[in-house]
Amino acid sequence: MSSSHTKTIGRILDPVAQQVSKLILLFEDGGTAGDTPDLANRVSVVKMAVDNLVKVGYETIRQSSDQLLKRDMPPALVRVEEASVFLQDAVKLLSRDPSSAIGRKKLIDGSRGILQGTWAVLVAFDMSEVRKIVACCNLVLDRLNTVPDIKNFPELAEFVKNLTPIMAQMIKEVDERQDELVIKSHAEILQRGITQVKRITPILISSIKLYLNTTQQRLSAAREAQSNRDYFLRQMSDEICEIIRGLQLTSSDDTEYLGDHTDLQLIIRNSKFAVEWLSNPCANPNGVDFIQDILDTARHFEAFCMSDSERMGLNGLIGGINSRVQQILDALQRVSVVLFLYLFILRY
């Protein structure tokens, strides 16, 4: 059983653990002294806590629309209930025969089952809460994905109007989650992410305004303004994806792990810009950066390859795409040189 990664899990689990520990110590101390310990009172206290947990758990399942919660929590609740029965059986057996091997085994198994089952119930609920926050983050990402479609100021105003409430909700929920986390490094990931989101948001809006102004006035800086807008959009999206990663961490060993779900999100989001660049390399000079990010992210999946052939296949695919992109860049460079020479000859 892992340690508690949130304060709420700790607050609920620690008293249960203390009661179970006292139960075992009471039996061992009684056995050492030669007296028959009175386990019934301790077991009744644990049973009351278990009954309440199970009641709340099933009510939570009934009210929830989270299918993963409905899948994960019931087995944990059943385990807690079965463990409680084990403890009650242990009391009966040990009351009749304090040296009963079966009674001792039921006492140990029941105690372990109570702790592990309670922890599993709490984690299932906690992960459901995390998924709610992740869903809120994804709403913001979905809204950000519409930025390239903004062509005029009324559309920008509508974008800001729609973004503001979901952004505020995301910040609120992530801040609350940060306060809940026990592992400092995980809380810091969320704190850094939210700080960056707050910093980038007004800059992104300004970059969109600049892009619209330069485009509508047909200024030569329009392309640079678009690149600037795309850069801050990408930065904002990356920060939110990092927040999602931080939300999904549950142990101190997870800090450096980048889940494949987040990787896929990065690839999907950047692929739109990559395809646009491949269709028209002159439209967005930063398009090649998106392709490079996709390739770098794809390399994360090497750790999930089940065989050397899969790993070699992935590396070969990445290398092939990288070579093709380089060929396009070389061709663009040659075209630029030829065009420059042509204009130079015409001028002189």
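R218 sits in the loop between α6 and α7, helices here being DSSP runs of H or I of at least four residues, strands runs of E of at least two, both numbered from the N terminus. In this predicted model, local features need a pLDDT of at least 70 and side-chain atom pairs count only at pLDDT 80 or more, while totals for chains, interfaces and linings use all residues. Residues are numbered from 1 along each chain as its sequence is written, and side-chain values use heavy atoms, with hydrogens and water left out. The phi of R218 is near 55°, a positive value in a residue other than glycine. Most residues other than glycine have a negative phi. With a relative accessible area of 77%, R218 counts as exposed; the cut-offs are under 20% for buried, over 50% for exposed and in between for partly exposed, computed with a 1.4 Å probe on protein chains only.

Stepping back to the whole chain, there are 10 helices and 0 strands. Buried residues account for 39% of the 348 residues. Of the contacts (heavy atoms within 4.5 Å) between residues at least 6 apart in sequence, 69% join residues at least 24 apart.

Axes are lines fitted to C-alpha atoms, for helices over the stretch in contact, and angles run from 0 to 180 degrees between N-to-C directions. On the α2 side V46, V50, L53 and T60 take part, and they meet I114, T118, V121 and F125 of α4.

An α-helix has 3.6 residues a turn, so residues three or four places apart point the same way.

Next comes α3 (residues 67–96), which packs on α4 at about 160° with the axes 7 Å apart. The 30 residues of α3 should span 44 Å at 1.5 Å a residue, which agrees with the 45 Å between its end C-alpha atoms. At the start of α3, a side-chain oxygen of D66 comes to within 2.9 Å of the backbone nitrogen of L68, a polar contact (a pair of N or O atoms within 3.5 Å, where within protein one must be able to donate a hydrogen and the other to accept it, and residues adjacent in sequence count only if both atoms are side-chain atoms). Buried residues of α3 include L69, M73, A76, L77, V80, A83 and L87.

G110 belongs to α4 and is buried, with a relative accessible area of 0%. Leaving aside residues up to four places away in sequence, G110 touches A83, F86 and L87. G110 and A83 are 27 residues apart in sequence, yet 4.2 Å apart in space, C-alpha to C-alpha.

The axes of α4 and α5 (residues 153–180) come within 9 Å and cross at roughly 150°. These helices are therefore roughly antiparallel, with a left-handed crossing. Among the residues making the contact are D126, V130, I133, C137 and V140 of α4, together with F159, L163, I166, M167 and M170 of α5.

M167 turns up again as a partner of T201: not counting residues up to four places away in sequence, T201 touches M167 and M236. T201 itself is in helix α6 (residues 184–216), where a polar atom of its side chain lies 2.6 Å from the backbone oxygen of V197.

Finally, Q248 occupies the loop between α7 (222–247) and α8 (260–279). Its relative accessible area of 34% makes Q248 partly exposed. Q248 and M127 are 121 residues apart in sequence, but their C-alpha atoms are 8.0 Å apart in space.

How values were computed
Expected span 1.5 Å × (residues − 1). Parallel < 35°, antiparallel > 145°, perpendicular 65-115°, else oblique. Left-handed = near helix turned anticlockwise from the far one by under 90°.
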